[in-house]
Amino acid sequence: MDWVFLSELAINGALTGLLYSLFAIGLVLIYKASSVPNLAQGGLTMVGAYVVLALARDVGLPLWLAIPLAAVVMFGLGFGIERVALRRLAGRPVVMILMLTLGLDIFLRGTTLAIWGGTSRSMELGVSYDPLFFDDIFISRIHLVGAGVALALFVAFMLFFRTRTGIKLRAIADDYMASWSVGISVERGVGLSWALASVVAVAAGVIWGEIQGVDQALSLLLLKGLTVAVLGGLDSILGAVIAGIILGVVENVVSDFLDPLVGGGSRELIVAAVLILTVMIRPHGLFGRHDIERV
Amino acid sequence: MQEKVEAQNILSMNSVEVLYDNVILAIKGVSVQVPKGEMIALLGSNGAGKSTTLKAISGLLKAERGRISRGEITFQGVDITEALAQERVEMGICHVIEGRRVFEHLTPDENLTAAAPRGMSRSTLNAEKDKIYGYFPRLAERKSSQAGYLSGGEQQMLAIGRALVTQPKLLMLDEPSLGLAPFLVEEIFGILQKINKDEGLSVLLVEQNALAALEIVSQGYLIENGRVVMHGTAEALKSNSDIQEFYLGGGETDFHNVKHYSRRKRWLS
Amino acid sequence: MFYRLSGVHHANYVSDSRIFKVPADRNLTAFIFLIGLAAPFIIPSLYLNSYMLPWLIWTAAALGLNLVTGWAGQLHLGYAAVMAVGAYSSIHAARFGVPWEFALIIGGLTSSVIGSLFAFAALRVKGLYLALTTLAMQFVMDWVLTHSPAISGGSHASLQSPTLALLGQEITTDTGFYYVAFGWCVLVTIFMLNLKRTGLGRALVAVREKDFAAAILGVNSFYYKILAFATSSFIAGVSGALLVATFFFLAAPEQFSVAVSIQVLAMVIVGGLGSIIGSYFGVALILLVPGIVNGLVVTLSDGLGMQIDVETLAHIPNAVYGALIVIILLIEPLGLGKLYGNIRDYLMVWPFDQFKK
Ligand SMILES: Nc1ncnc2c1ncn2[C@@H]1O[C@H](COP(=O)(O)OP(=O)(O)OP(=O)(O)O)[C@@H](O)[C@H]1O
Ligand SMILES: [Mg+2]
């Protein structure tokens with residue numbers, strides 16, 4: 001067994017995994033604050049990346065200005081989505097909410113591509129492509145940057161959910177009716193969670209856009225993001241981070257064994273398998289809230 | 001004279017009709033007055049429309065696709081028939097909804113924080129919390145365990161405490177005694193009475209447990225089939241033979257008389 | 001006006017369990033059926049082939065999904081994968097020399113077997129988690145399909161369908177294909193209409209409303225869930241096979257991808273969960289409107305002398321498709337079937353006040 005190689009796989013897997021967490025944090029935010037599974041996060045991420053590029057290339061702003069500005073735009077978009085769409089379906093069965101977010105995803109993707117076209121564009125953050133070396137282990141710089149962003153967001157949101165506003169958001173997720181009864185504005189809370197998730201989408205869009213180019217494929221992160229979110233427990237931000245690392249390592253190491261056997265491309269299979277196994281064995285994930293049975 | 005009465009009533013609800021889903025008429029012209037600083041009970045059997053009445057007052061109807069189709073509600077002289085739930089809480093109406101719905105995954109302390117009005121300073125919030133823990137010492141003991149795992153009585157206390165954080169002028173409680181042991185009901189009602197005395201808080205109490213409720217309130221309304229069928233002081237209601245028979249469990253329980261119920265329930269025309 | 005009724009008032013059980021509770025509905029259905037029969041003589045063959053035929057087959061497929069999602073209440077995001085199983089097994093069977101009648105049944109049965117795997121997921125979880133599991137299963141099936149050349153047909157991953165032949169008759173004309181699709185859709189519709197009235201239909205609804213309560217009432221939800229998945233998968237399998245045999249002629253994995261699963265679910269939900277007539281509307285809307293809007297945009301831009309980017313044009317239908325889902329859900333979460341019902345109820349007693357049930 002080649003330990004150096006294996007640890008390289010594991011370390012790079014963990015870093016990639018943190019980038020999945022970066023995506024999944026958006027999903028978790030919305031679920032934690034409204035119990036809505038947001039299947040439009042892929043579409044949002046794509047829009048986030050395109051908006052950054054539009055500001056940087058088409059308007060000509062420097063990236064350091066374009067990214068925060070895009071975050072502001074997306075913050076507004078998130079609020080808008082709640083206002084226009086989610087508010088009307090609050091309290092409806094989960095099928096309809098799932099379908100709504102799926103429809104939103106299709107709409108966001110279609111509109112983005114209709115406006116900016118489907119050819120892949122590059123982000124050009126200016127992070128060097130030369131890998132870093134630790135002993136014999138290669139590490140990509142952009143992955144390190146992305147992992148750093150994911151961890152920073154993790155800390156920020158952990159703190160946020162302890163603030164009064166954060167507590168109110170968690171209260172909304174627990175019980176809409178009880179929240180209304182004590183004067184919490186459920187609408188504003190859900191809107192805020194979508195707005196924050198849209199900002200996370202900008203972060204994920206920028207990092208992933210740098211790694212794999214800005215195009216359709218960004219929205220395909222949804223499956224991995226969902227897997228990470230479910231494995232972590234859907235409403236746990238800590239869970240999303242840990243599950244991201246786990247998924248990244250498992251995917252990297254297992255696909256290394258499996259690929260030669262099946263002729264490549266086993267990553268997607270592994271992710272789907274992890275998702276199925278999690279739901280079957282431990283639906284509330286590693287750190288998810290249990291639904292408390294009341295007698 | 002009329003105006004003077006108005007001024008004394010913190011809440012006045014005049015022939016209110018409520019429709020659910022635009023078709024189901026749940027209450028049909030209910031009028032209820034809550035005098036300032038008093039405790040009032042709404043009594044009635046299952047499905048009579050008690051909860052609907054409270055929801056009409058607190059504005060929670062909208063969440064269940066219901067609406068007020070006739071009548072008006074005024075609170076401290078202001079018409080609130082069209083106000084949002086959130087605005088009504090800000091004005092001082094707080095509704096403890098049926099079924100002890102605490103925020104299960106939050107701690108009791110966080111439950112209280114969640115209800116803090118916007119702009120309440122940290123020190124006021126802490127003072128409020130201390131006061132509530134003073135009323136309900138059991139909550140203080142368990143303030144950082146998960147609320148979903150509290151006992152039924154503790155959850156009810158938490159629900160009431162959570163409502164108090166909003167600094168209400170009118171507190172409405174929907175069946176707080178549901179499923180609680182008698183001594184707990186007594187404890188909770190005792191605390192309600194104390195809060196009512198100490199702070200002059202007006203209380204509108206919905207109860208199935210008429211016996212316990214009539215002990216602590218000054219007046220009661222009896223609702224049947226979406227209509228107020230009787231209104232009087234607690235004393236008068238307690239001594240009314242029909243109430244005694246149907247709600248207080250007094251009188252004969254002889255089953256030969258069961259078939260006379262429909263005849264004896266005089267108010268049901 | 002058309003209905004000449006004051007409302008629907010049942011005087012006995014038999015009348016309540018009729019398929020058509022209002023005579024006018026039966027007449028309307030008969031009329032539409034006749035139009036369906038006459039369609040090849042009325043509608044130009046281009047439209048027949050590119051609009052009517054896929055509409056009918058997708059409706060049959062959507063009805064199958066409606067059975068499991070609308071009636072039994074089990075979310076299913078892997079329906080396209082089940083259709084793929086049916087399509088591929090039928091075509092392989094037909095290529096092997098099995099007569100098409102049997103090949104279709106083989107396809108349906110294989111789908112049933114594989115589709116029942118989804119039921120096992122449904123036994124453990126429901127709602128969101130079931131949706132996610134079935135979604136993951138769709139990915140697994142996709143993967144297997146694209147990674148096994150033996151199934152998907154060699155390196156190009158496309159499989160030629162042999163000429164369809166039913167009852168000893170080779171079917172090669174557009175009219176022929178149309179009648180096959182029409183026949184299948186009618187068959188599925190009749191099945192669904194009748195299912196609604198049987199104990200099975202009611203048991204499925206009981207399972208949807210409350211697993212636990214259904215169990216207490218003596219409805220074995222385990223058995224009914226499997227039955228619902230198996231039946232719906234059979235419909236999916238045959239529909240998938242017919243889709244390839246009469247429309248695509250060449251089976252390829254993309255025809256049954258996740259996006260397609262989402263599309264069928266969208267058809268069912270936009271049409272209205274549990275509504276049969278709704279599924280017809282839902283499929284028509286999702287299948288046809290994006291194209292129509294695109295056509296309009298082209299005409300408009302030509303008329304105004306504007307140049308619209310080819311790429312933009314290529315993506316407009318998708319944006320419209322997504323927007324349609326969102327808009328319909330916002331207007332009426334119970335879908336087009338419910339909207340139709342409202343209009344019908346209104347007309348039923350027109351010019352009098354609203355219909356009261
Ligand atoms: N959300 C709703 N949608 C439709 N109808 C409703 C709704 N809520 C209540 N109703 C109907 O309105 C009527 C009054 O209900 P309400 O809940 O006010 O009764 P209640 O007096 O509180 O009864 P209980 O003592 O059982 O709590 C009932 O007939 C009920 O069926
Ligand atoms: Mg009630």
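Okay, let's start with chain A: the unreviewed UniProt entry puts the feature "transmembrane region" at residues 12-31, 62-81, 93-117, 137-161 and 226-249. Those UniProt positions are in the numbering used here, the feature names are shortened, and annotations may be inferred rather than shown by experiment.

Quick housekeeping. This is a predicted model, where local features need pLDDT of at least 70 and side-chain atom pairs count only at pLDDT 80 or more, while totals for chains, interfaces and linings use all residues. Residues are numbered from 1 along each chain as its sequence is written, chains are lettered from A and ligands numbered from 1 in the order written, and side-chain values use heavy atoms, with hydrogens and water left out.

Back to two of those spans. Residues 62-81 of chain A are 95% helix and 0% strand, with 28 Å between the end C-alpha atoms. For residues 93-117 of chain A, the end C-alpha atoms are 35 Å apart, and the span is 92% helix and 0% strand. Helices here are DSSP runs of H or I with at least four residues, strands are runs of E with at least two, and both are numbered from the N terminus.

Now the ligand. Which residues come nearest to ligand 1? Out of 15 around it, they are Lys50(B), Ser51(B), Thr52(B), Glu98(B) and Gln208(B); a residue is near if one of its heavy atoms lies within 4 Å. Looking at polar contacts (pairs of N or O atoms within 3.5 Å), Thr52(B) has a polar side-chain atom 2.4 Å from an oxygen atom of ligand 1. Lys50(B) also puts a polar side-chain atom 2.7 Å from a ligand oxygen atom. On the nitrogen side, an N or O atom in the side chain of Glu64(B) is 3.3 Å from a nitrogen atom of ligand 1.

Two elements of chain B give two or more residues to the shell, β2 (24-35) and α2 (50-58), and α2(B) gives the most, with 3 residues. By class, the shell has 4 nonpolar, 7 polar and 4 charged residues. For the classes, Ala, Val, Leu, Ile, Met, Phe, Trp, Tyr, Cys and Pro are nonpolar, Asp, Glu, Lys and Arg are charged, and the others, Gly among them, are polar.

On a 1 Å grid over the protein atoms alone, a cavity is a set of points where a 1.4 Å probe fits but cannot get out, and lining residues have an atom within 4 Å of a point. Volumes are the space filled by probe spheres set on the points, which are joined across faces, edges and corners.

How many cavities of 30 Å³ or more does the structure hold? There are 2. The largest has a volume of about 40 Å³, and its lining includes Leu27(A), Pro37(A), Asn38(A) and, from chain C, Leu128(C) and Leu132(C). That lining has 7 nonpolar, 1 polar and no charged residues.

The second largest cavity holds about 30 Å³, with Leu67(C), Leu195(C) and Thr231(C) among its lining residues. α11(C) provides the largest share of that lining, 3 residues, and the classes come to 6 nonpolar, 1 polar and no charged.

Key:
Polar contact = N/O pair within 3.5 Å; in protein donor to acceptor, adjacent residues only side chain to side chain. 1 Å grid on protein atoms, 1.4 Å probe; cavity = no way out; pocket = protein on both sides within 12 Å on 5 of 7 lines; lining within 4 Å.
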